[in-house]
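Please open the structure in a viewer and keep the selection tool at hand. The stops below are meant to be visited in order.

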Amino acid sequence: MKAVVCLPTYNERENLERMVDALADKGVTVLVVDDNSPDGTGRLADRLAAEHDHVEVLHRPRKEGLGPAYLAGFARALADPEVELVLEMDADFSHDPADVPRLIAAAADGDLVLGSRYVEGGSIGSWGALRRIVSAGGSLYARVLLGAPVHDLTGGFKCFHRRVLETVDLDAIDSRGYAFQIETTYRAIRAGFSVVEVPITFADREVGGSKMSNAIVLEAIWKVPALRLKALAGRL
Ligand SMILES: Nc1nc2c(ncn2[C@@H]2O[C@H](COP(=O)(O)OP(=O)(O)O)[C@@H](O)[C@H]2O)c(=O)[nH]1
Ligand SMILES: [Mg+2]
């Protein structure tokens, strides 16, 4: 079953080559989606794509957040009719490339697989107290407001079957940050798809900087009730 890992990058020059190497023996195609990173990640990605059969690159003109980058990556991945699984993954080693086969294997048991920090066996490495609270609180907030039976709604290590991405109205999604993760999972659930959570250990990045911002947190806070209202109005 052909699988594509969409890897959004913004200033990940120090991580990308190691990540591409770590994914080389996982039987996946890596689609780097770079938003014209000022640090030259896009040029590095082009070189890696020239060197490795399992690497492809999608260049976008400017940074617009994770959401639009993933949507562009999904469209590119699905354009190949042989692709059955599309994965989301961070390029900064917060998500362990060694976990990719577990996510793919779990796709046999569900339509959407989530790498989950908040189920038994899952954990977070060295994050400080504030980020833990924002992340765990955000997932709980979304879980309660949406009534979604999922423990990690904000995580970005996921594996979609093609049918999920073809059924959900991706054109209607304008979330950019964590809200994008919440929205894609919620829309999948609303559409009747099954979700499987696989425990993962989330590690803090060792090199490069996080792009998390207050705007990303605020977007998630207001988007969750907005999604619920849309669903109640029968528009989702
Ligand atoms: N293409 C693209 N990638 C992004 C953007 N923002 C973040 N990323 C990538 O998304 C992944 C997760 O972002 P990160 O900043 O580590 O977020 P954090 O893990 O929540 O701190 C990394 O691979 C980033 O390079 C963006 O606007 N565009
Ligand atoms: Mg990160």
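Begin by selecting Arg131 together with ligand 1: an N or O atom in the side chain of Arg131 lies 3.0 Å from an oxygen atom of the ligand, a polar contact, that is, a pair of N or O atoms within 3.5 Å. The model is predicted, local features need pLDDT of at least 70 and side-chain atom pairs count only at pLDDT 80 or more, whereas totals for chains, interfaces and linings use all residues. Residues are numbered from 1 along each chain as its sequence is written, chains are lettered from A and ligands numbered from 1 in the order in which they are written, and side-chain values use heavy atoms, without hydrogens and water.

Taken alone, ligand 1 exposes 570 Å², of which the protein buries 94% (Shrake-Rupley method, 1.4 Å probe).

Now show the residues around ligand 1. They number 19, and Glu12, Asp35, Tyr178, Ser210 and Lys211 come nearest (a residue is near if one of its heavy atoms lies within 4 Å). By class, this shell holds 7 nonpolar, 3 polar and 9 charged residues; Asp, Glu, Lys and Arg count as charged, Ala, Val, Leu, Ile, Met, Phe, Trp, Tyr, Cys and Pro as nonpolar, and the others, Gly among them, as polar. Strand S1 (2-9) and helix H3 (66-78) each supply at least two residues of the shell; helices (H or I, at least four residues) and strands (E, at least two) are DSSP runs, numbered from the N terminus.

Then select Tyr70 and Phe180. Their ring centres are 6.0 Å apart and their planes at 10°, so the pair is stacked (centres within 6.5 Å, planes under 30 degrees apart). Tyr70 belongs to helix H3 and Phe180 to helix H7 (residues 178-190), 110 residues apart.

Finally, go to Asn36, in the loop between strand S2 (29-34) and helix H2 (41-51). Phi of Asn36 is near 55°, a positive value in a residue other than glycine.

Conventions:
A polar contact is a pair of N or O atoms within 3.5 Å; within protein, one must be able to donate a hydrogen and the other to accept it, and residues adjacent in sequence count only if both atoms are side-chain atoms. Rings of Phe, Tyr and Trp (its six-membered ring) pair if their centres lie within 6.5 Å; planes under 30 degrees apart count as stacked, over 60 as edge-to-face and the rest as tilted.
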